[in-house]
Amino acid sequence: MRFFKTGKSIKSHPIAEKKENKQLDNNILWQETGISDWESGYIESLISQERFNKEVLRFLQDHKMLSSKEMYEQLPFGNKHWNENPDKKTINAMVLQGCVALKKSSSTGMIFVHLMKEQTVRAISVPEVEFSVIGPKEAFNEALETNLVLIQKRLPTSALQIELIEIGLRTKTKVAVLYLKDVANEQNVKTLKDRLAGIEYDHILDSSYLIQMIEDNKMSIFPQFIDTERPDRIVASLIEGKVAFITQGSPHGVYGPVSILEFFSAFDDYFVSWHIASLFRLMRMVAVFFSIFATPLYVSVITYHPELIPDDLLTTLTTSRTDIPFPPVLEALFLELTIELLREAGARLPTKVGQTIGIVGGIVIGTASVEAGLTSNVLLIIVALSALASFTTPVYRMSNAIRLVRFPMIILSGFWGLLSLTLGLMMIISHLLALTSLGRPYLAPIYPPRLSDWKDSFVRLPFYVQKERPKQLKVKEKRKMSWWKKRDIDEFE
Amino acid sequence: MKKIILLFMCFLLSGCAEREILDDITIVRTLGFDKASKDNEIKGTINYPIFINEQTFKMKYLSASGETSKEIRNELNEMTARPLFVGKLNTVLFSEKLAREGIMETLDTLQRDPGVGRAIYLGITKQSAESVLSDDYDQINLDGNYFSNLIKQNENYSNLPYLNFHTFLYAFFADCMDPVMPYLSKKSNAVKITGLALFKNDKMVGTINEHQILIFKTLYQKFNEGSYQFKSKNYKGNLEILKSKLHYKIIKKPHQKVMIAVDVKGRLTEYTKVNAGDPKVVKGIENTIKKELENNASELIRKFQDLNIDPLGIGEHVRSQTRGFNSKKWLDQYQNTDIQVVYNLKISESGISQ
Amino acid sequence: MNLNKSKFPPQVHENAKIAPELVFFLVIGAQVGVGILGFVRYIAKFVNQDSWLVVIVGGLGIHLVIWMMFSILNKHGGDIFNIHHQFFGKWLSIPLSMMLSLYYLATAVVVLRTFIEAVQNWMFPGLPTWTLSLIFAGLAYYIVSKGFRVITGIAFFSFVLTVWILFTHYFPIKHGHVINLMPFLDHGLGDFYQAFKVMVLSFIGFEYLLAYYPHIQDPKKAQKWAHFGSASTTVIYLITTISTLMYFSPKQLQGLTWPTLQEWKIVTFPFIERFEYIGISFFGIVILINLALALWASCRGLNRVFDIKIRISVFPVSLILLLAPAFFTTRFQVDELNNYTGKMGYYLFYAYIPLLFIISIFKKGANK
């Protein structure tokens with residue numbers, strides 16, 4: 001956390017002090033209203049000019065005779081402030097927040113009326129990354145208020161705690177921390193809040209900034225929080241007893257603590273029948289292993305252990321490799337890099353062009369390199385499949401991590417074949433074992449082994465089986481089927 | 001941290017294992033050994049594919065002679081474009097001539113090579129191994145799997161007993177057991193399993209013919225598939241064996257006697273001149289076949305005793321049922337031991353039509 | 001340096017403790033090592049077809065030792081280093097604890113060297129010893145430096161990831177000869193005793209419990225799991241022994257250094273042949289937990305006696321682990337190394353621990 005504290009020195013920086021001594025910010029339009037001796041000050045782009053004219057000025061016109069203080073009391077606005085003798089700093093701060101400052105030139109008292117212009121935000125749209133065929137199709141947008149509404153309307157309980165923190169020395173980004181008071185583990189809440197409060201960085205432009213700053217192990221390539229664009233996913237995590245936060249200006253809610261298996265569950269797993277959901281989940285996990293180990297396995301068998309190849313495959317594999325000048329490691333790395341390039345190019349280009357690039361590039365480069373004798377067609381199939389498999393991971397951050405893990409594995413397999421592969425596997429496992437998310441074990445239901453948590457991990461069993469919240473969260477209220485607790489909840493409200 | 005990275009780098013550079021990239025090796029599929037023209041020398045022949053382009057490949061063969069198999073290997077290595085790789089070896093053939101003089105020296109080298117599997121097949125060829133290997137039998141042996149598939153197929157679905165490199169070594173090292181190998185013979189367009197080659201230690205001492213293979217198999221192991229051709233004055237036919245199981249009983253008093261009981265279950269699939277629907281007739285056939293089997297088995301065992309070999313491992317069975325077994329004593333009296341075979345034949349069905 | 005640290009029972013933070021059930025994985029993970037690839041030959045040398053009985057009796061003997069260990073530890077609390085201090089006083093306890101620490105390290109060296117030999121003989125002939133010892137010592141170092149919970153996790157995963165290998169014994173048993181297991185009990189007591197002594201080497205590993213006992217929540221409950229773990233090891237060895245005896249003829253077995261690897265040569269699946277290469281690779285996982293636990297126990301000794309943090313001492317200790325295998329170059333030397341460690345284990349289990357047990361009966365318990 002120390003790294004981000006450097007922002008603190010800004011306060012004593014000479015340039016900053018100089019700015020403070022200036023009269024008022026240049027942006028503030030400070031003028032006489034022409035009504036009595038009232039003066040007004042505001043930033044034009046921030047406030048609603050129309051409301052100012054229609055509501056504030058008209059009221060002033062109608063009540064010319066009132067003193068400043070009386071005027072403050074009578075102004076028909078909910079969000080207004082009175083300051084007897086404001087200093088420049090306060091005025092600046094208030095005006096920058098979208099207030100209109102009103103002052104009689106004869107007195108020092110100042111009224112601040114909140115007249116922030118209605119923000120033009122993106123409408124609530126369909127989730128793009130986590131699209132599901134069945135189920136709600138609302139996604140977060142960039143406005144914190146809207147996002148909070150999306151959650152609150154799904155969770156109409158006073159147990160839902162929303163705590164606002166301001167992070168970012170310059171951007172003053174509002175971050176809302178959410179949790180259920182009667183469920184979430186206090187230690188988890190405290191850890192998250194402490195970590196967020198510890199951030200002293202100039203600008204926070206998205207929740208991704210925060211995720212990277214508060215992760216338990218910042219050296220790890222595995223993500224330790226899940227960010228989602230689905231309000232329902234956030235609500236589900238809150239009910240499970242997790243802690244979430246939403247950042248102003250970010251269309252993603254973030255929650256934790258998470259375990260590695262959650263990264264392989266898509267939210268539509270809860271919308272389809274449990275058999276299908278379980279099958280899909282298992283498929284995704286197999287896909288992950290395939291994605292990480294298929295190419296290295298090919299490399300190590302071809303390079304070091306041709307004994308392993310069954311007789312029937314032997315000629316197929318050997319013919320496919322005839323005339324290929326590179327050792328299998330380089331061949332595999334070359335192909336993997338090609339696929340990554342295609343993916344990156346596709347991601348940078350507009351959707352339609354991107355698609356074309358992906359298909360054309362895949363087919364053309366693939367066939368061309370096989371025909372040119374640069375790669376073997378068997379490897380091409382394996383690499384394409386493992387790339388495909390890596391995209392099945394529902395959480396984008398995780399699928400990136402998995403694609404990255406593949407490269408050291410391929411390189412390793414070029415050294416000691418299968419032996420280095422099992423060692424690589426152990427390296428990954430020991431790293432994951434040491435990893436935590438908000439201080440909770442990352443491999444949770446697998447290790448420490450908690451069989452009762454397995455109901456919603458590798459598979460998703462029917463809802464009526466899942467009577468309890470995950471043990472690893474150490475929640476206050478363990479039971480999820482709380483109908484027998486209904487009375488208690490009512491009392492709490 | 002920097003030091004660790006540096007250490008890791010130099011480790012990466014020098015710690016790489018020896019590579020055997022699939023397309024940079026000569027994949028030896030079949031190996032054959034013959035007696036060379038020179039005395040004390042053996043001739044080795046390898047059979048391996050060469051890959052011409054991405055679609056086509058061809059099987060090639062190459063021979064070299066030397067005093068030891070290591071020498072042969074070196075000789076061959078000097079002739080091939082890519083290093084020899086024996087990891088995918090599937091069959092090793094010896095010519096009868098060589099086998100009669102002993103083959104353990106050659107096999108021992110193979111046994112010590114960790115790259116050589118134990119599920120590979122061994123065989124004795126009537127002709128020279130080189131001539132058997134160098135033919136592609138009208139393109140049957142295109143991929144070098146012909147011999148191994150031939151033996152494997154016959155072991156699984158036919159009369160050949162389960163034999164491979166491991167069973168050879170097992171019997172060779174066992175105190176009271178001698179190894180056997182399939183005996184192959186080259187015909188015009190194929191190779192045929194014409195019997196079993198019998199060994200005393202590592203020297204071939206005799207053969208049994210193809211009609212005796214099944215009898216041998218029933219006495220050697222339990223199995224589920226096989227067929228037996230029977231013939232008598234009145235009728236002939238084929239008995240498909242569905243199940244065969246053997247039991248040993250050792251009787252010590254008044255004199256050492258070994259009883260081998262074989263339970264055979266089977267059905268008639270081909271028969272002439274009889275009505276197999278009639279239980280009485282079937283009973284009659286059962287008795288005839290039983291007699292025939294028992295006679296053949298006794299004859300076979302007599303042959304083994306005359307050659308003073310024990311390919312069935314009868315001695316091993318005796319050992320397992322005798323406390324304080326003395327193998328030397330057993331071997332001394334083996335030729336005179338009374339060994340009796342009893343078949344319990346049961347014909348359950350007789351084909352799909354009555 | 002605080003030489004008095006072992007005077008007090010160890011303080012282990014609640015978060016660093018493991019659930020008692022996990023002791024099962026620790027015991028089985030440490031016991032089953034590279035020895036399983038070759039131990040049958042050594043006991044079959046003496047008792048041949050009766051080897052399976054030796055495995056069972058050896059396993060029962062270990063249960064007795066485990067019971068004695070738990071009686072001592074339960075009564076006097078703390079760990080072996082604290083008990084040394086209680087029983088023998090400060091100055092005598094230091095060399096004793098150091099010898100134990102050294103023994104733990106020796107077990108790690110044995111396992112690593114033997115495994116490297118297997119790799120050099122079967123997979124990569126000519127691969128320099130130090131490359132493999134570097135990568136294994138490095139990984140063990142990483143794991144140990146992450147703390148005991150991670151080690152337990154590795155034990156858990158190494159069990160889960162490798163337990164299926166047991167099913168490969170189906171193939172040799174299928175092709176094996178039951179007659180090789182008969183006649184029963186056809187050997188003298190002397191032969192059995194010799195074989196029993198040799199068998200001890202294969203059971204080495206549960207004695208790390210002397211060091212990690214305080215890391216168990218509710219350690220009294222862990223006893224049954226330790227017994228269960230050791231019993232499972234016995235079953236694994238039993239299956240291995242039976243399949244090996246059935247598959248090889250006695251003289252053939254005596255000619256093989258790694259019978260289990262030889263067995264795997266006939267294990268074939270439709271998609272893969274020659275299982276021994278996969279088997280050796282997966283044994284890398286098995287020996288990793290052996291190394292990590294031994295390394296940790298060794299460092300723990302240094303920590304308890306000299307108050308050196310494990311995070312600091314693990315570096316030099318794993319450096320020893322990295323360098324030591326290079327000194328044993330021939331088959332004979334590796335064999336001798338195994339012999340000596342086996343003997344050390346034998347005297348530790350059947351002389352030293354019973355001695356401690358007798359002392360503990362007469363000594364008053366520390367807590368309550």
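1. His227(C) has its place in helix 10 of chain C, where helices (H or I, at least four residues) and strands (E, at least two) are DSSP runs numbered from the N terminus. At 18% relative accessibility, His227(C) counts as buried, the term buried standing for under 20% relative accessible area, exposed for over 50% and partly exposed for what lies in between (1.4 Å probe, protein chains only). When neighbours within four places in sequence are left aside, His227(C) is in contact with His63(C), Ile66(C) and Trp67(C), contact meaning heavy atoms within 4.5 Å.

2. On conventions, this is a predicted model, in which local features need pLDDT of at least 70 and side-chain atom pairs count only at pLDDT 80 or more, while totals for chains, interfaces and linings use all residues. Residues are numbered from 1 along each chain as its sequence is written, chains are lettered from A and ligands numbered from 1 in the order in which they are written, and side-chain values use heavy atoms, with hydrogens and water left out.

3. Between chain C and chain B, the contact takes 32 residues from chain C and 31 residues from chain B. The two chains bury about 2,600 Å² between them, with 56% of it on carbon and sulfur atoms; buried area is here the accessible area (1.4 Å probe) that two parts lose on being put together, summed over both. In chain C, the residues that lose the most area to chain B are Ile179(C), Gln252(C) and Lys265(C), which together account for 19% of what that side buries.

4. How many salt bridges does the rule find across the interface of chain C and chain B? The rule finds 3, a salt bridge being a side-chain nitrogen of Lys or Arg within 4 Å of a carboxyl oxygen of Asp or Glu. The side chains of Asp186(C) and Arg323(B) meet in a salt bridge, at 3.9 Å from N to O. There are also 16 residue pairs in polar contact between chain C and chain B, both residues at pLDDT 80 or more; a polar contact is a pair of N or O atoms within 3.5 Å, and within protein one must be able to donate a hydrogen and the other to accept it, while residues adjacent in sequence count only if both atoms are side-chain atoms.

5. The elements of chain C that give two or more residues to the side touching chain B are helix 4 (80-122), helix 5 (129-145), helix 10 (219-247), helix 11 (250-254) and helix 13 (276-306). The largest share of that side, 4 residues, comes from helix 5 of chain C. By class, the side of chain C that touches chain B divides into 18 nonpolar, 8 polar and 6 charged residues, with Ala, Val, Leu, Ile, Met, Phe, Trp, Tyr, Cys and Pro counted as nonpolar, Asp, Glu, Lys and Arg as charged, and the others, Gly among them, as polar.

6. For chain A and chain C, the contact takes 26 residues from chain A and 34 residues from chain C, and the area buried between them is about 2,700 Å², of which carbon and sulfur atoms give 81%.

7. Within chain B, the division is into domain 1 (21-209) and domain 2 (222-354), with bounds that come from an automatic or database domain assignment. Taken over C-alpha atoms, 31 Å separate the centres of the two domains, and their contact takes 16 residues from domain 1 and 19 residues from domain 2. The area buried between the domains of chain B is about 1,300 Å², with 57% given by carbon and sulfur atoms; the rule finds 0 salt bridges there, and 5 residue pairs are in polar contact, both at pLDDT 80 or more.

8. Thr295(A) is found in helix 9 (residues 274-303) of chain A and counts as buried because its relative accessibility is 0%. Leaving aside neighbours within four places in sequence, Thr295(A) is in contact with residues including Ala332(A), Glu336(A), Leu379(A) and Ile410(A).
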